[in-house]
Amino acid sequence: MLFAACEKSADSLPETQMQKTSVKFVISDFSLTRETVGKAGMSTFGVADTLSNYANNLYYRVYDSSGTLVKSESQSSAQATFGTVSDTLLQGTYTVVFVASKKPLGFANTSLATDHFLDPSNTNWDDIFLKKLTLVVGSSPVNQPVILERIVAGLQLNVEDDPDDSFPVLTITVESDDSTYQLDNLTSANPVVKTMTSEPHGANTVFMHVLNTSRPAKVTIRAFDRNFDLVAEKIIDNVRFYPNRKTVFSGRITEDANLTVTVDPAWIVKEPVQF
């Protein structure tokens with residue numbers, strides 16, 4: 001992501017008469033990760049990958065020094081200019097927030113202190129990248145690279161039972177995930193229960209995204225037969241999730257043995273976490 005600005009205004013002019021500075025944002029980079037969450041951790045990518053490979057939506061929000069929203073724009077991957085934002089800003093200091101996501105997001109306020117994004121569909125989260133930065137627009141050109149960072153966690157269930165014979169339907173419930181993400185302090189809020197229902201058909205792997213990365217959560221794994229009658233249930237308390245990291249549950253859920261819970265080291269975690 002690059003910024004370019006050229007100031008043409010005079011400080012003595014009223015704001016309504018001041019010429020604005022041209023600002024251009026080109027988004028092409030992400031933080032280095034070893035696995036793509038959206039594909040259940042099976043594909044790799046680096047910083048040179050383009051925005052459209054990992055997001056369908058881009059949101060650009062600019063707040064002035066008082067925290068008031070002065071500019072906003074949303075783009076979809078169907079647009080030819082997806083990933084490029086051209087804008088004009090008066091001289092000053094701004095807070096700029098970029099959010100890139102797989103699914104459409106909603107934003108709630110025009111003040112940075114209370115602005116947050118949410119999921120209008122109120123379904124499970126998908127991949128989300130974000131960057132918040134301070135931009136000073138003055139008389140000299142601005143050329144600043146920016147890297148978006150994944151803010152969601154991954155939860156993966158590796159089942160060692162045979163789902164075709166034992167249970168064709170699996171569900172994972174997280175209590176509590178969160179339903180909003182605050183742009184001011186960059187934390188998720190408003191606890192909510194999220195459930196992923198999957199029909200593995202022999203794949204033995206279920207994956208979901210989690211927004212809450214600040215508090216322990218309870219995870220419940222359930223297996224159902226073809227009539228959706230409960231076959232087995234596992235409850236794991238005090239599970240922690242981490243941004244850009246994948247918590248993995250492995251084992252058999254139709255037996256009394258405990259599931260093994262680790263944090264995938266491919267997500268740049270120094271050591272496994274046991275529960």
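Strand β6 (residues 92-101) and strand β9 (residues 128-137) run antiparallel and are joined by 10 bridges. Strands, like helices, are DSSP runs numbered from the N terminus, a strand being a run of E of at least two residues and a helix a run of H or I of at least four. Two strands count as paired if DSSP finds at least two bridges between them. Within this pair, V99 stands opposite L130 of β9.

The model is predicted, so local features need a pLDDT of at least 70 and side-chain atom pairs count only at pLDDT 80 or more, while totals for chains, interfaces and linings use all residues. Residues are numbered from 1 along each chain as its sequence is written, and side-chain values use heavy atoms, with hydrogens and water left out.

The pair β6 and β9 belongs to an open sheet of five strands, in the order β4-β3-β6-β9-β10, with antiparallel pairing. The edges of this sheet are β4 (69-76) and β10 (149-150); each has a single partner strand, so one side of each is left without a neighbour in the sheet.

Next comes β3. On one side, β3 pairs with β4 in the antiparallel sense over seven bridges, and L58 stands opposite Q75 in β4. The hairpin of β3 and β4 has five residues between the strands, and there G67 takes a positive phi near 90°. Strand β3 also pairs with β6, again in the antiparallel sense and over seven bridges, with Y60 opposite F98 in β6.

How many residues of β3 are buried? Seven of its seven residues are, where buried means under 20% relative accessible area, exposed means over 50%, and partly exposed lies in between (1.4 Å probe, protein chains only). In a regular strand the side chains alternate between the two faces of the sheet. In β3, both faces are covered: N57, Y59, R61 and Y63 are buried on one side, and L58, Y60 and V62 on the other.

Q75, found in strand β4, is also buried, with a relative accessible area of 4%. Its side chain makes a polar contact of 2.9 Å with the side chain of E73. A polar contact is a pair of N or O atoms within 3.5 Å; within protein, one must be able to donate a hydrogen and the other to accept it, and residues adjacent in sequence count only if both atoms are side-chain atoms. Leaving aside neighbours within four places in sequence, Q75 is in contact (heavy atoms within 4.5 Å) with N56, N57, L58, T81, F82, G83, T84 and V85.

Side chains of opposite charge can pair when their charged atoms come close. The structure holds eight salt bridges, a salt bridge being a side-chain nitrogen of Lys or Arg within 4 Å of a carboxyl oxygen of Asp or Glu. One of them joins the side chains of R61 and D115, at 2.8 Å from N to O. This pair links distant parts of the chain, with R61 in strand β3 (residues 57-63) and D115 in the loop between β7 (106-107) and β8, 54 residues apart. Are these two residues buried or exposed? R61 is buried, with a relative accessible area of 9%, and D115 is buried at 0%.

In another salt bridge, between D184 and K132, the closest N and O atoms are 3.8 Å apart. Here D184 lies in the loop between β12 (169-182) and β13 (187-198), and K132 lies in strand β9, 52 residues apart. D184 counts as partly exposed at 36% relative accessibility, and K132 counts as partly exposed at 25%.

E233 and R222 also form a salt bridge, their closest N and O atoms being 2.7 Å apart. E233 is in strand β16 (residues 230-239) and R222 in strand β15 (residues 217-224), 11 residues apart. Both are partly exposed, E233 with a relative accessible area of 39% and R222 with 25%.

Last, the confidence of the prediction. The chain averages a pLDDT of 77, this being the predictor's confidence in each residue from 0 to 100, and 69% of the residues score at least 70. Over residues 1-13 the pLDDT is below 50, although this stretch has 50 contacts in the model beyond near neighbours in sequence. Residues 30-49 also stay under 50, and for them the model has 61 contacts beyond four places in sequence. Where pLDDT is low, the predicted coordinates should not be read in detail.
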